[in-house]
Amino acid sequence: MRRGKDYIESIRANPPVTYYEGEAVTDVINHPAYKIPVKTVASYYDLHWKEEYKSLRAYNRDVGEETSITLVRPRSKEELLRLGEALVKIYEYYRGFFGRSPDYMNLWTMVFFAHAEDYFGKNFGSKFMENAMEIYRESTKRDHFYTHAIVAPMYDRSRPPSQWEDPYIQIGVTEERQDGVVVRGAAMICTAGPYAEMLWYLPNMRRDSDPRYAIYFSIPTTSKGVRFISRRGFQPREGGEFEYPISSKWEESDSILVLDNVLVPWDRIIFYKKPELIEDLMWHTVGLRGWFNWHFMIQHYARLKFLAGLAMTVTEAANTNTFINVQEKIGEILIYLAMNEAALYGSVARAQELPNIVRPDPYISISASHFNMKAVPRANEILRLITAGSSIPIPAGAKDFTNPEERAYLDKYMAMKGLDALERVKTFNLLWDVIGSEVGMRYEQYDRFSRGDPTIRWAQTYTEVFKDRKGEFVRLVKEILDQMPNPRS
C-alpha cells in the first residue's frame, strides 16, 4: 500500500497527456483544475495509515500480504460486511462526494480476478484468464489509481456507431498485430482521467454489437496515443474553503478520453471479439452491474447522511424545524437514508455465496442504486425548498468579516437565533456549495445519469433485474385466481 506522497510523485513524474483551454497541461499537480482532486486522491491513500481508518487495511490471502480492503476478495458474508463498512467509512470521509476514488475501480479489478477462471478463462481461453489474474496482482503490488471509460460520444443516437460516417468515433479495433491490437476512438465521460495512472476501458455493447468494439482492456494513462480533453474546472475562486467548502475538497475533473491509434498489448486484454458475452459479464456469471451499483448505493448512503445533517442544521438554526411542512420534508430524507441503510445490510445478509466470491444481493443493490438516481436529487430539492431565499449566500466572502464597520452590520443582521453571523454565513455557504454551485450541480447531474437514463434503469428493474423472479410474484396472484369459482352456465 502506498502513501499519498507516492501517488503524487507518480503523477508528477508521469502525467497523462491532457488538454485544457487549448494547451497541453505540463504540471497536473499544481494546475488549478486538478490540484484539488490530486490532493484528495492522495488523502485516500493516507487514510489507510491512520489509526482510526485501520479497517481499510486487510490481509489479502490471494497475494499473501496486507492490501487495501477494497482489493480483498470477500469469501464470506462477514468479509463482505467488513468491505461494505470500510467503503461507508471512506465515503463518510468524502461526505458521499468524490465518487471516482481509487476504491471504485479496485472493486472491479478484484471481481475480474475472482472470475478469471469461470468467466474469462472459460469463454476466452487461458491467456485471457492469466491477464485478469496478472492485472489484479499488479494492482495489489503497485496500488495504482484506476479510472474507467464506457460511453461513446453522442454523435448520432438514432444509429449504432458502426453505421456512423466514421465508425471509429466509438473506440474500436483497427488492426491486429503480433504484439497486440491497435484501437482508435473516444469515450465520455472519463472522470479523473487527467490525474489517474491506469485506465479500464469497457464498451457499451448494447448500443452496437459489432465485434470491432468488443474489447475490454487495462492500460496506463500515459500510453502512447492516450489523450484527455478536460472540461472547465469548477475550482473555487479566491474565497477558497470559506466560500466553497465542498468544491475546495471534492471537486472532480471530467474529460473526454481519446485513443489515437493506441497499441494495446495482448497481455492487457481480458475480453475480446465476443460481444454476445457482455450480458454474462454484466448480469450473470460476473455480475458486474450488481457490484458497481452496490458501490453507488454505499456512496449515496453516505451522501444522504450528510444531506440529512445539513437539513437539520440549517432548519434548527432558523427555528423552522418546528414547522410541520419542514419536518415532513426532513422526514422524507431520513426515509431515503433508512432505506439505503437497510439495503446495505440486506444486500449482505442475502449475499450470493459463490465458490470463488461472495457478492451482495443484486436485486437489492441494483434496486437501491436505481432508486437513488431520483432520491438523491430529490434530497437536494428538499434542501432548496426548506431554505428558500435564505439559501442564497450573502455576503460576498470572508473579507467582509475583516472590515470593522461592515462586520458590525453583519453581526447584527446576519445572525440567526441558533447561530452567530459568522457561523450562519459558513453554514449557508456550505448549503449553497451543495445545491447551487457548479460543483453541486455537477454532482446532482452525475447522480441522475451516471448509471444511464433513469427511465431505462427503472424499466430494467422490471425487464432484467427481477426477470427470473417473475414467476414467484405472479404465482401469488394466480393461486387466488385459480381458487375463485367460475360462474355456472
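Which residues have the most contacts inside the largest nonpolar core? I looked this up first, taking a nonpolar core to be a set of buried Ala, Val, Leu, Ile, Met, Phe, Trp, Tyr and Cys residues joined through side-chain atoms within 4.5 Å. The residues are Val183, Leu257, Leu281 and Trp294, and the core they belong to has 138 residues. Helix H10, residues 288-318, gives the largest share of this core, with 17 residues. I read helices (H or I, at least four residues) and strands (E, at least two) as DSSP runs, numbered from the N terminus.

Before going on, I noted that this is a predicted model, in which local features need pLDDT of at least 70 and side-chain atom pairs count only at pLDDT 80 or more, while totals for chains, interfaces and linings use all residues. Residues are numbered from 1 along each chain as its sequence is written, and side-chain values use heavy atoms, with hydrogens and water left out.

I then followed Leu281, using contact to mean heavy atoms within 4.5 Å. Leaving aside neighbours within four places in sequence, Leu281 is in contact with Phe112, Tyr119, Phe120, Leu202, Tyr216, Val286, Gly287 and Leu288.

**Two buried loop residues**

For burial I used relative accessible area, where buried means under 20%, exposed over 50%, and partly exposed in between (1.4 Å probe, protein chains only). Gln170 lies in the loop between strand E5 (146-149) and strand E6 (172-177), and it counts as buried because its relative accessibility is 3%. Beyond the neighbours within four places in sequence, the contacts of Gln170 include Trp164, Arg184, Tyr201, Asn204 and Tyr213.

Leu56 lies in another stretch, the loop between helix H2 (35-47) and strand E3 (57-60), and at 0% relative accessibility Leu56 counts as buried. Not counting residues up to four places away in sequence, Leu56 touches Leu47, His48, Thr67, Ser68, Ile69, Ala86 and Ile90. I also checked Leu56 against Thr67, eleven residues along the chain, and their C-alpha atoms are separated by 8.6 Å.

**An aromatic pair**

I let rings of Phe, Tyr and Trp (its six-membered ring) pair if their centres lie within 6.5 Å, with planes under 30 degrees apart counted as stacked, over 60 as edge-to-face and the rest as tilted. A search of the whole structure finds 35 aromatic pairs. Why is the pair of Tyr336 and Phe371 edge-to-face? The ring centres are 5.5 Å apart and the planes stand at 75°, so the pair falls in that class. The pair links distant parts of the chain, with Tyr336 in helix H11 (residues 324-349) and Phe371 in helix H12 (residues 362-387), 35 residues apart. Tyr336 is buried, with a relative accessible area of 13%, whereas Phe371 is partly exposed at 24%.

**Salt bridges**

I took a salt bridge to be a side-chain nitrogen of Lys or Arg within 4 Å of a carboxyl oxygen of Asp or Glu. By this rule the count comes to 37 salt bridges.

- Lys141 and Glu65 meet through their side chains in a salt bridge of 3.4 Å, N to O. Lys141 is in helix H6 (residues 126-142) and Glu65 in strand E4 (residues 65-68), 76 residues apart. Lys141 counts as exposed at 58% relative accessibility, and Glu65 as partly exposed at 30%.
- Glu92 and Lys305 meet in a salt bridge of 2.5 Å, N to O. This pair links helix H3 (residues 77-93), which holds Glu92, with helix H10, which holds Lys305, across 213 residues.
- Arg384 forms a salt bridge with Glu444, the closest N and O atoms being 2.8 Å apart. At 27% relative accessibility, Arg384 counts as partly exposed, whereas Glu444 counts as buried at 6%.

I also found a network of salt bridges that links Arg231, Glu251, Glu252, Asp254 and Arg442.

**A surface patch**

Last, I looked at the surface, where Leu476, Val477, Ile480, Leu481 and Met484 form a nonpolar patch with about 490 Å² of accessible area together. Such a patch is made of residues with over 30% relative accessible area and no salt bridge, with like charges joined within 9 Å and nonpolar side chains (Val, Leu, Ile, Met, Phe, Trp, Tyr) within 5 Å. Leu481 lies in helix H17 (residues 470-483).

Terms used
Areas by Shrake-Rupley, 256 points an atom, 1.4 Å probe, with all protein chains shown as cover.
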